[in-house]
Amino acid sequence: MTEDTIMSNKKLIYLDNNATTAVAPEVFETMRPYFCEQYGNPASIHAFGGSIMSKIENARAQVASLIGATKKDRHGKFTEVIFTGCGTESDNTAILSALRACPKKKKVVMSTVEHPAVLSLGKELEKRAYPVSYVPVDSHGCLDMARYEEMVDGNTAIVSIMWANNETGNVYPVEKCAEIAHRYGALFHTDAVQAIGKIPCSMADSQIDMLSLSGHKLHAPKGVGALYIRRGIRFHPAQIGGHQERGRRAGTENVASIIALGKAAELAQASMEEENTRVKALRDRLERGLCENIPKAKVLGDVKSRLPNTTLIGFAAVEGESILMKMDHLGICASSGSACTTGSLEPSHVLRAMGVAYTIAHGAIRFSLSIYNTQEEIDFVIREMPEIIGWLRKLSPFWQD
Ligand code: PLP
């Protein structure tokens, strides 16, 4: 959004929910008292602070319920879930913990299309002499399962494969991947930051050992996340300090945001059906409307196994950044590739891994919806986009009518 658009109070059409989401009003109301009124430290002996611990445990139960982590300890607490500062911290903690827990095993396996929260750690581990293997994907972004199986071996400490891709929305066969990892005695972690709240998840029936999620992708605030650690897994904390989170994540709890994440998890569980029916129908309407009305517009990714809210569309022979700027003037927010790569003119690492032709990859726009989007908004985008693309193509040296 340019400042002018914000200042002119133009209606915002927010289709960038894989980058971040609005905090749900109910979530905001739930967290509000924990700043100026109930601001005590949950570790305090006095009731003013100490009573807040039960609110944190309630949030833990809400998150556990969303991900179907049903195991409780003997005090009735869902100790398989710990709160962290973000999805990135959860991802890093899981992978580094596995390497510390199994010091004899050095190898890490991950896909080429992981979020930088995992992929950049892989590159860093290589610098520290850990062998890291990257599973390739095909032109639809599907994992090469045969290559994956060849890569995992007895020296593999951990496999980390994302549940859903932030750019294409592709949903990966994480259960199958976990089964293969276990066959070779490796731990299995999944970055489920984009999946949780959008598609069902049941850790009780799963082989996944560790799972990361992030608050700001499911209508909780930025700066809070969670890590699921299956009971019985050897875990080494990344942060050393106080006894918070039973010694697994030191640091005074971000009370308001944790309580907000709990509420958001509860709401996400309740709106999962809407996400998979109404939101999906809006996404399909948008996709159809754009592809039917704009020549050489192509859906990128695996349409058979995708998140219900995401579509990545390549508009041949135009520059994604220019499309985004034109959309921005109309108050429409989307992303080119991923938010993290916006600003760079190189196609994203995901599109490069898929081998998408440069002229299409450069014009790839990701639309990611949420339960707050309406059909009116989608129809406005369908009406406006052909003119934007047509206008830019007139200026494009790559476009041949
Ligand atoms: N993993 C995926 C798939 C993501 O999409 C993101 C954020 O975009 C992250 C990890 C990082 O989460 P956070 O922003 O909470 O650190």
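**Exercise 1. Which residue in β12 stands opposite Ile-313?**

Solution. Keep in mind that you're looking at a predicted model.

- Step 1: Find the sheet. β12 belongs to an open sheet of 3 strands, ordered β9-β10-β12 with antiparallel pairing.
- Step 2: Sort out the edges. β9 (297-300) and β12 (364-368) each pair on one side only.
- Step 3: Look at the pairing. Strand β10 covers residues 310-315 and is joined to β12 by 5 bridges, the two running antiparallel.
- Step 4: Read across. The residue opposite Ile-313 is Ile-365.

**Exercise 2. Find the helix that lies across β10 and β12, and give its angle to β12.**

Solution. 

- Step 1: Go to residues 320-329, which form helix α11.
- Step 2: Compare directions. Helix α11 runs at about 45° to β12.

**Exercise 3. Work through the 7-stranded sheet: what is its strand order, and which residue of β8 is the bridge partner of Ser-214?**

Solution. 

- Step 1: Write down the order. This open sheet goes β2-β8-β7-β6-β5-β3-β4, and its pairing is mixed.
- Step 2: β2 (81-84) and β4 (132-135) are the edge strands, each with pairing on one side only.
- Step 3: On average, neighbouring strands here are turned by 20° against each other, direction ignored.
- Step 4: Zoom in on β7 and β8. Residues 210-214 (β7) and 225-229 (β8) run antiparallel and are joined by 5 bridges.
- Step 5: Pick the partner. Ser-214 pairs with Gly-225 in β8.

**Exercise 4. Describe the ligand's surroundings: how many residues surround the ligand, and which helix gives the largest share of the shell?**

Solution. 

- Step 1: Count the shell. There are 14 residues around the ligand, and the closest are Thr-88, Asp-191, Gln-194, Ser-214 and Lys-217.
- Step 2: Split by class. You get 4 nonpolar, 7 polar and 3 charged residues.
- Step 3: Trace the source. Helix α6 (residues 87-101) supplies 3 residues, the largest share.
- Step 4: The side chain of Asp-191 has an N or O atom 2.6 Å from a ligand nitrogen. For Gln-194, a polar side-chain atom sits 2.8 Å from a ligand oxygen, and for His-115 the distance from a side-chain N or O atom to a ligand oxygen is 3.3 Å.
- Step 5: Check the cover. On its own the ligand has 390 Å² of accessible area, and the protein covers 89% of that.

Note on methods
Residues are numbered from 1 along each chain as its sequence is written. This is a predicted model: local features need pLDDT of at least 70, side-chain atom pairs count only at pLDDT 80 or more; totals for chains, interfaces and linings use all residues. Side-chain values use heavy atoms; hydrogens and water are left out. Two strands pair if DSSP finds at least two bridges between them. Helices (H or I, at least four residues) and strands (E, at least two) are DSSP runs, numbered from the N terminus. Axes are lines fitted to C-alpha atoms, for helices over the stretch in contact, and angles run from 0 to 180 degrees between N-to-C directions. A residue is near a molecule or strand if one of its heavy atoms lies within 4 Å of it. A polar contact is a pair of N or O atoms within 3.5 Å; within protein, one must be able to donate a hydrogen and the other to accept it, and residues adjacent in sequence count only if both atoms are side-chain atoms. Accessible areas come from the Shrake-Rupley method with a 1.4 Å probe; for residues, only the protein chains shown count as cover. Ala, Val, Leu, Ile, Met, Phe, Trp, Tyr, Cys and Pro count as nonpolar, Asp, Glu, Lys and Arg as charged, and the others, Gly among them, as polar. Contact means heavy atoms within 4.5 Å.
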